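Here are my notes on the model, as numbered points. Please keep the structure open while reading.

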Amino acid sequence: MAVEVQPDPGDTGDVRLTVRHFRFSPPGARPMAEAGRGVARLYLDGRSLTRLRTVDHHLPGHHGVGDRGEAASHGER
């Protein structure tokens, strides 16, 4: 998984994920672990900001962004 952040004026940014061999689970999907499928968590300054179910996201700020893919069962607690 790769993360690209394009800063916007006003300390905001657009995040775009590039994934290989991974599909995002739709909202309401059963929380079952399945290899190559799930959600991604977006981190801002070391804190979990949101779960992503698509490759695009707009965020208020662009400092210290990281990513981690996770199985749907972990993200649906």
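**Notes on the fold and its contacts**

1. The chain holds one helix and seven strands. Helices (H or I, at least four residues) and strands (E, at least two) are DSSP runs, numbered from the N terminus. Read from the N terminus, the order of elements is β-β-β-β-β-β-β-α.

2. A word on the basis. This is a predicted model, in which local features need pLDDT of at least 70 and side-chain atom pairs count only at pLDDT 80 or more, while totals for chains, interfaces and linings use all residues. Residues are numbered from 1 along each chain as its sequence is written, and side-chain values use heavy atoms, with hydrogens and water left out.

3. How much of the chain is buried? Of its 77 residues, 26% count as buried. Here buried means under 20% relative accessible area, exposed means over 50%, and partly exposed lies in between (1.4 Å probe, protein chains only). The accessible surface of the chain is about 5000 Å². Carbon and sulfur atoms account for 50% of that surface. Areas come from the Shrake-Rupley method with a 1.4 Å probe; for residues, only the protein chains shown count as cover.

4. Now sequence separation. Take the contacts between residues at least 6 apart in sequence: 51% of them join residues at least 24 apart. A contact means heavy atoms within 4.5 Å.

5. Which residues form the salt bridge? A search of the whole structure finds one. The side chains of Asp56 and Arg16 meet there, at 2.3 Å, N to O. Asp56 sits in strand E6 (residues 56–59) and Arg16 in strand E2 (residues 12–18), so the pair ties together parts 40 residues apart in sequence. The criterion is a side-chain nitrogen of Lys or Arg within 4 Å of a carboxyl oxygen of Asp or Glu. Asp56 is partly exposed, at 43% relative accessible area. Arg16 is partly exposed too, at 42%.

6. There is one aromatic pair in the structure. The ring centres of Phe22 and Phe24 are 5.2 Å apart and the planes stand at 90°, so this pair is edge-to-face. Rings of Phe, Tyr and Trp (its six-membered ring) pair if their centres lie within 6.5 Å; planes under 30 degrees apart are stacked, over 60 edge-to-face, and the rest tilted. Phe22 and Phe24 are both buried.

7. Arg51 belongs to strand E5 (residues 47–52). Its relative accessibility is 37%, so Arg51 counts as partly exposed. Arg51 and Val39 are 12 residues apart in sequence, and their C-alpha atoms are 6.3 Å apart in space.
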